[in-house]
Amino acid sequence: MKNSNFLKILLIVQSLTLFVYTIFCFQKEGADLLSVFVNNIAAIDWSGQFNLDFSCYLMLSGLWIMWRNKFSLNSVFIAITASIVGIMAFAPYFLFLLIKEKGDLKLTLIGNR
């Protein structure tokens with residue numbers, strides 16, 4: 001249970017940190033994330049490499065969300081949201097699952113399989 005509490009705290013801190021950071025980015029640069037993201041990848045530099053790598057993680061997390069929930073309509077919506085906004089959606093979703101499964105990490109990860 002102690003590991004579960006650490007994970008819950010980590011998920012909350014990650015969600016809040018990214019949410020606040022995103023607000024500052026919107027205030028400073030506006031909502032034009034997609035063109036910056038794609039232009040960085042097209043530049044074929046380390047920033048682009050990071051963005052491409054990150055995109056792969058986001059896609060994999062979205063696939064896991066759908067797989068865990070047997071590709072239900074809700075899981076597709078959650079997966080698309082998490083693939084777009086990242087940890088701000090993924091961490092609260094994972095926290096929800098962790099609480100729902102009473103800290104059982106195996107059930108949190110694989111669900112009813």
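I44 is exposed, with a relative accessible area of 77% (exposed means over 50%, buried under 20%, and partly exposed in between, using a 1.4 Å probe and protein chains only). This is a predicted model, in which local features need pLDDT of at least 70 and side-chain atom pairs count only at pLDDT 80 or more, while totals for chains, interfaces and linings use all residues. Residues are numbered from 1 along each chain as its sequence is written, and side-chain values use heavy atoms, with hydrogens and water left out.

**Overall layout**

- The C-alpha trace spans about 45 × 25 × 25 Å along its principal axes.
- Of the 113 residues, 27% count as buried.
- The accessible surface is about 8,200 Å², and carbon and sulfur atoms hold 73% of that surface (Shrake-Rupley method with a 1.4 Å probe; for residues, only the protein chains shown count as cover).
- Among contacts with a separation of 6 or more, 61% join residues 24 or more positions apart (contact means heavy atoms within 4.5 Å).

**Nonpolar core**

- The largest nonpolar core has 14 residues, and L11, W64, I65, A82, F90, Y93 and F94 touch the most other members (such a core is a set of buried Ala, Val, Leu, Ile, Met, Phe, Trp, Tyr and Cys residues joined through side-chain atoms within 4.5 Å).
- Helices α3 (46-68), α4 (73-85) and α5 (87-100) each give two or more residues to this core, and α5 gives the most, with 8 residues.
- Leaving aside neighbours within four places in sequence, Y93 is in contact with W64, I65, R68, N69 and I78.
- L58, in helix α3, is buried at a relative accessible area of 11%.
- Not counting residues up to four places away in sequence, L58 touches A82, S83 and G86.

**Charges**

- K8, in helix α1 (residues 2-29), is buried yet has no salt bridge, and the nearest side chain of opposite charge, E101, is 12 Å away.
- The contacts of K8, not counting residues up to four places away in sequence, are L95, L98 and I99.
- The mean positions of the 9 positive and 6 negative charges are 19 Å apart; Lys and Arg count as positive and Asp and Glu as negative, without His and the chain ends, and each charge is placed at NZ of Lys, CZ of Arg, CG of Asp or CD of Glu.

**Backbone in the loops**

- Most residues other than glycine have a negative phi.
- I44, in the loop between α2 (33-42) and α3, has a positive phi near 50°.
- K70, in the loop between α3 and α4, has a positive phi of about 55° and is not a glycine.

Conventions: Helix = DSSP H or I, 4+ residues; strand = E, 2+ residues; numbered from the N terminus. Salt bridge = Lys/Arg side-chain N within 4 Å of Asp/Glu carboxyl O.
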